[in-house]
Amino acid sequence: MKGRTDAPQDWCCLVGTVFFILGLGTLLPWNFFMTASLYFQGRLNTTELINGSAVVRKEYYFNNWMTLLSQLPLLLFTLLNSFLYQRISEAIRIAGSLVFILLLFILTAALVKVPMEEDRFFSVTMATIWFINSFGAVLQGSLFGLVGLLPQKYSTIFMSGQGLAGTFAAIAMLIAIGSDADSGSAALGYFITPCVGTLVTLFSYLLLYRLEFARYHLNKSIKYETCTTDELLQVEDRSSAEVGKLNGHANGSAGGGPAEAEFDSDIDGTKRAFLPLEQEEKGQAKASVIEVFKKIWVMAFCVTFVFTVTLSVFPAVTADVRTVFPGKWERFFISVCCFLTFNINDWLGRTVTTFVRWPRKESRLFPALVVFRVAFIPLLMLCNVQSRSYLPVYFPHDAAFTVIMALFSLSSGYFVCLSMSYAPQLVEPKDAETAGALMTFFLALGLSLGAALSFPLRALV
């Protein structure tokens with residue numbers, strides 16, 4: 001028998017590039033708001049002179065509230081995913097979310113030039129963060145489902161794009177700070193950048209279905225299941241018309257039609273047939289959510305714990321670390337040593353999993369190393385966080401903080417990516433989608449728990 005026609009190729013890795021951009025676009029909102037914490041704090045934590053000393057009139061705890069109101073929508077809309085997916089089409093969920101995110105970014109950019117009382121500005125900003133991350137949660141969940149229909153390497157490309165979003169935001173902030181423009185114009189230019197980025201993301205999604213490789217994998221109306229050689233022989237015993245079609249296709253004839261069966265060779269040389277949708281009911285039923293959870297609970301715990309530790313101190317604690325070198329470097333310190341260091345190493349940690357996967361998914365060392373990351377919480381709290389009330393400073397130097405941040409973020413990206421990629425491998429292929437949905441929920445749960453934990457941890461410093 002002749003092998004089936006090869007699937008279309010991803011010409012010049014265009015589909016991979018599109019999913020990289022889509023991954024970048026999903027986390028632009030969170031990263032641009034987070035990296036701009038100094039701008040927001042500058043507008044909120046105004047000071048007044050009391051007895052000749054500058055005193056902050058009101059502490060808004062912007063980083064804590066921003067983190068919490070960014071992650072709660074992710075958890076909420078992860079829970080609502082089944083409702084949304086059944087009632088709203090994929091195109092509306094993805095393109096519509098991107099349009100609303102773009103409009104909210106335009107609003108944020110416009111507010112840079114609008115004078116506003118601090119309480120009102122805080123309320124408007126928090127509402128913007130809530131809604132922009134709500135649409136971001138819908139966008140992220142939809143794109144995770146979409147990329148899951150492609151070969152596994154595209155999931156890695158998508159997550160690499162997500163990992164690079166923070167680096168993109170940090171570099172944009174450095175350019176804004178380093179420019180000769182006044183602070184208002186620099187902030188305006190900074191927030192125009194994600195507007196352009198979101199537009200590019202929207203156009204990339206619209207381009208996706210024009211690419212043959214993407215259409216081949218994303219066409220949900222065509223489904224195949226594999227069967228053994230014995231099942232194929234049973235099919236060939238049917239009516240002569242069906243036998244003629246099968247033989248015609250096997251010999252490479254131009255006839256055929258949608259009822260044809262396609263053949264491929266397994267690794268051991270066994271022939272398989274890919275049968276049309278009418279025979280899919282012969283396949284096994286999917287396992288229940290509880291059954292899938294019993295198989296992946298270790299990975300679910302790992303991804304939850306990693307993000308709980310990460311979000312408990314980043315950026316609520318780390319963004320308040322101060323340099324010991326006053327002067328011009330002080331303007332760049334947080335952007336470089338906190339945000340840029342975190343995002344570059346987080347991206348590297350995610351990317352390394354393409355080449356190195358240690359420990360293995362069955363190893364007990366894997367969850368042990370994840371739990372060991374809790375040591376980063378006191379290490380970062382003992383850096384030069386200002387202002388502080390209770391804990392001493394054991395790591396005042398900039399270099400110590402940068403090294404701790406690098407290891408903290410590298411391990412975060414590495415273990416998150418491993419957990420997310422290991423989970424579907426622990427279940428049958430038919431249950432991989434359920435495993436992915438469960439992992440997305442526990443990822444959101446970890447983010448929300450970390451955001452909530454950041455309040456007492458920052459107060460403890």
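Colleague: How many cavities of 30 Å³ or more turn up in the whole structure?
Modeller: Two, and keep in mind that this is a predicted model.

Colleague: How much space lies in the largest cavity?
Modeller: About 460 Å³. Its lining has 30 residues, and L27, W30, Q140, F307 and L447 lie nearest the centre.

Colleague: Which element gives the most to that lining?
Modeller: α7, with five residues. Other helices supply at least two residues each, including α2, α13 and α18.

Colleague: And how does that lining divide by class?
Modeller: Into 15 nonpolar, 13 polar and two charged residues.

Colleague: OK, what about the second largest cavity, how much space is there?
Modeller: About 50 Å³. The residues lining it include F33, Y39, F40 and F121. The largest share, three residues, comes from α7 here too. By class, the lining has six nonpolar, three polar and no charged residues.

Colleague: Switching to pockets: which residues lie nearest the centre of the second largest pocket?
Modeller: E59, D320, Q386, S387 and R458, out of 18 lining residues. α4 and α18 are the elements that give two or more residues to the lining. The pocket holds about 500 Å³ of space, and five of its lining residues are charged.

Colleague: α18 again! Where does α18 bend?
Modeller: At S454, by about 30°, and a proline, P456, follows within four residues.

Colleague: What does α18 reach from its first C-alpha to its last?
Modeller: 41 Å over 29 residues, close to the 42 Å expected.

How values were computed: Residues are numbered from 1 along each chain as its sequence is written. This is a predicted model: local features need pLDDT of at least 70, side-chain atom pairs count only at pLDDT 80 or more; totals for chains, interfaces and linings use all residues. Side-chain values use heavy atoms; hydrogens and water are left out. On a 1 Å grid over the protein atoms alone, a cavity is a set of points where a 1.4 Å probe fits but cannot get out, and a pocket is an open set with protein on both sides within 12 Å along at least five of seven lines; lining residues have an atom within 4 Å of a point. Grid points are joined across faces, edges and corners, and a volume is the space filled by probe spheres set on the points. Ala, Val, Leu, Ile, Met, Phe, Trp, Tyr, Cys and Pro count as nonpolar, Asp, Glu, Lys and Arg as charged, and the others, Gly among them, as polar. The expected span of a helix is 1.5 Å times one less than its number of residues. The bend at a residue is the angle between axes fitted to the seven residues ending there and the seven starting there.
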